[in-house]
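This briefing concerns the structure displayed below.

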Amino acid sequence: TPSEFIEEDGIVHLFGIDITPIKTANFELLKYKNIIESSRDGVGLVSVENNEVFLNNSLKEALGFSESDLNGLVSIKELYADQKKAELIFNELLEGKYWNGDIQLVSKKGEYLDFLLSAGPILNESGEIIALFGLHTDIRERKSHEKSLQKYSNRISNILESITDGFFSVTKDWKVTYWNKEAENLTKISREKVIHKQLWSFFPKTKKSDFYNNIKNILEQGEKISFEEYFEPLEKWLEVNAYPGKEGFSVYFKDITEKKKGNEQIRAAKERYELISKAILEAVYEWDIQNNVLEWSDVYYQIFGFTKKSVDETFLDWEKNLHPDDRETVIKNLNEVLEDPVKSNWDFEYRLIIADQKVAFIVEKAFIIRNENGQAVKMIGSLQDITELKRNERSLEDLNFKLKNRAKELSASNLELEQFAYIASHDLQEPLRMVTSFLTQLQKKYDKQLDEKAQQYIYFAMDGAIRMRQIILDLLEYSRVGRMDYKIEKVNFNDLIKGVISLNSTSIKESGAKINFKNLPVTDAAKIPLQRLFSNLIGNSLKYRKEGEKPVIDISAKELESYWKFQVRDNGIGIDKDFREKIFVIFQRLHSKDEYSGTGIGLAICKKITESHGGKIWVESKPGKGSTFHFTIKKQF
Ligand code: ADP
């Protein structure tokens, strides 16, 4: 039958055609029908003359055809899934060419089956094509491998395209085999341009660098490499991770310029705050609340004598140093502030137990940084050691307390003294009057009986009584000066002095004194006491004049910021340096009553008057050359 190989005397007949001379490898196979039939690859033959088709068992089975199914088949072309491709292949074959490639055939059930087709023409002796043969290798498995491989590589490239790092792969000679989108972004070199090219041809300067040669060496030894580098050609800081592979290297890189800049700024800021902390000698800290890292400036360790831990310090490290008596309130207060989303500051005073178990008083001031939910994420603050201040404050308080007490005691005893003086002088007058009146009676009634001696004794007794009366009156006045509330009024001091002069006109005339004054102020004062003051000073200048010299008294005033300063200058006997303060004390006199009359109370009264005007009194003098009394009164009191 034509559909059989017939071998006769070395001549092979196929479908009745002599195909002996064909020298193809496949044809060689045809010689062995059994082999063809039993071949696992599908063999198909088609005669050109009548399109007769032969399929071996393997191909028939693969397509699900029986012998009878093939009877109606005119051409094997009809089995192709892609008719156009079939046309193309067959035309090529009919032109005498060979064909090698993947095709798809349709099975009886309508499935598409993948084959690798190796096909060629079969020629007769005169070179005419008499048949076509095709060897169909089942490539279903290979195809499905290819598909999953395709999927896999799609997935890889999806990943490589979507990662935020730049990525490229290169051969060991730096020839680029992959270049992702981010690599394009970072380098501004497109994939089309760079692929299959030498990487360094795009960065000619870097090519020479030892650095990259070293990297290559390391990678070639199979080690991965990570580094950060300023990459000059891109003017960027890059973080690079390179991995060695069989064919070459895979490199991930990322732009860290901003981060680097940020780091530099942080470093500079840190340095700045360390310096500030040093300058103000306050411990400064930054507490990262979320990660609980508490970072202190060096001053913290210096001034409190703590030792810095080698690991990150936390909130607890500070808390454990709190004074046990303060701990609860400090923590409670801090937590309240931290949990209140509107608070941004925390100020607190507490005690710390520092080195050597000493206690330090601290004022802490802090600023709280919150996230958009109002949650405290950071706290920045400073600790000021106020131990010394506290100590001073306390001793100052002590001192103040003592002073106040002393002042109280003093004013109490002053008051008592004044009261005593008042009562004493008041009550003494009555018995004194008795003494003088009986002495007078004695003198009157027994005038004739008393001898001269007795008369003289009575005179001395009278004289003592008179002086005693004067002392009592002075004392009474002195005690009154501080006690009576005088009216404060506008006082014209020119008029006031005129008044004093007219009151003392007799002694002025007697002594031939000259009193000069002009442009004295008009100011608020208690008139009566000030009149008394000037009267005392002028009176003294007249009294303590130099013998044989007419007294000259100059009165002037000077305006100071909040005082009026007056001065009364004379050309009298002057006052020895040692007594310039003593004379203002009550009953202090420098002379005997026989030299100069007086009780020694006048200047004490002057002192009291100036003091009740918020002022002071003092004297400048040169013995034998006169004295100048100065006193001040406040403009407003
Ligand atoms: P008295 O004049 O009654 O003694 P004072 O208190 O007025 O008391 O004066 C005290 C002392 O100061 C006087 O005893 C006198 O020695 C001295 N003294 C006061 N004023 C003058 C003056 N203008 N020149 C010299 N000495 C004076």
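Helices and strands are DSSP runs numbered from the N terminus, a helix having at least four residues and a strand at least two. In these terms, Ile 633 belongs to strand S25. The model is predicted. The points below cover the ligand site, the nonpolar cores, and several individual residues.

- The side chain of Asn 540 places an N or O atom 2.9 Å from an oxygen atom of the ligand.

**Nonpolar cores**

- In soluble globular proteins, nonpolar side chains tend to be buried together.
- The largest nonpolar core contains 37 residues, and Phe 493, Leu 530, Phe 534, Ile 555 and Phe 631 have the most contacts inside it.
- At least two residues of this core come from each of helix H16 (452-483), helix H17 (493-503), H19, strand S22 (552-559), strand S23 (563-569), H20, strand S24 (617-621) and S25.
- A second, separate core has 29 residues, including Tyr 285, Trp 287, Leu 294 and Trp 346.
- Setting aside residues up to four places away in sequence, Phe 631 touches Leu 530, Leu 533, Phe 534, Leu 537, Trp 564, Lys 565, Phe 566, Thr 610, Lys 616, Ile 617 and Trp 618.

- Beyond residues up to four places away in sequence, the contacts of Ile 633 are Phe 493, Thr 523, Asp 524, Ala 525, Leu 530, Ser 562, Tyr 563, Trp 564, Phe 566 and His 613.
- Ile 633 and Asn 100 are 533 residues apart in sequence, and their C-alpha atoms are 130 Å apart in space.

- The buried residues of H20 include Leu 603, Ala 604, Ile 605, Cys 606, Lys 608, Ile 609 and Thr 610.
- After H20 comes Gly 614, with a positive phi near 75°.
- Helix H17 contains Asn 494. Asn 494 is classed as buried because its relative accessibility is 16%, where the class requires a value under 20%.
- Not counting residues up to four places away in sequence, Asn 494 touches Phe 517, Lys 518, Asn 519 and Leu 520.
- Arg 191 is part of helix H8 (residues 191-194). With 25% relative accessibility, Arg 191 counts as partly exposed.
- The contacts of Arg 191, apart from residues up to four places away in sequence, are Glu 161, Tyr 178, Trp 179, Asn 180, Lys 181 and Glu 184.
- Arg 191 and Ser 226 are 35 residues apart along the chain, with 24 Å between their C-alpha atoms.

- Most residues other than glycine have a negative phi.
- Trp 174 is a residue other than glycine with a positive phi, near 65°. Trp 174 sits in the loop between strand S9 (166-171) and strand S10 (176-179), and counts as buried at 8% relative accessibility.
- Asn 519, likewise not a glycine, has a positive phi of about 50°. The loop between strand S20 (514-517) and strand S21 (522-526) holds Asn 519.
- Is Asn 519 buried or exposed? Asn 519 is exposed, because its relative accessible area is 68% and exposed means over 50%.

Definitions and conventions
Residues are numbered from 1 along each chain as its sequence is written. This is a predicted model: local features need pLDDT of at least 70, side-chain atom pairs count only at pLDDT 80 or more; totals for chains, interfaces and linings use all residues. Side-chain values use heavy atoms; hydrogens and water are left out. A polar contact is a pair of N or O atoms within 3.5 Å; within protein, one must be able to donate a hydrogen and the other to accept it, and residues adjacent in sequence count only if both atoms are side-chain atoms. A nonpolar core is a set of buried Ala, Val, Leu, Ile, Met, Phe, Trp, Tyr and Cys residues joined through side-chain atoms within 4.5 Å. Buried means under 20% relative accessible area, exposed over 50%, partly exposed in between (1.4 Å probe, protein chains only). Contact means heavy atoms within 4.5 Å.
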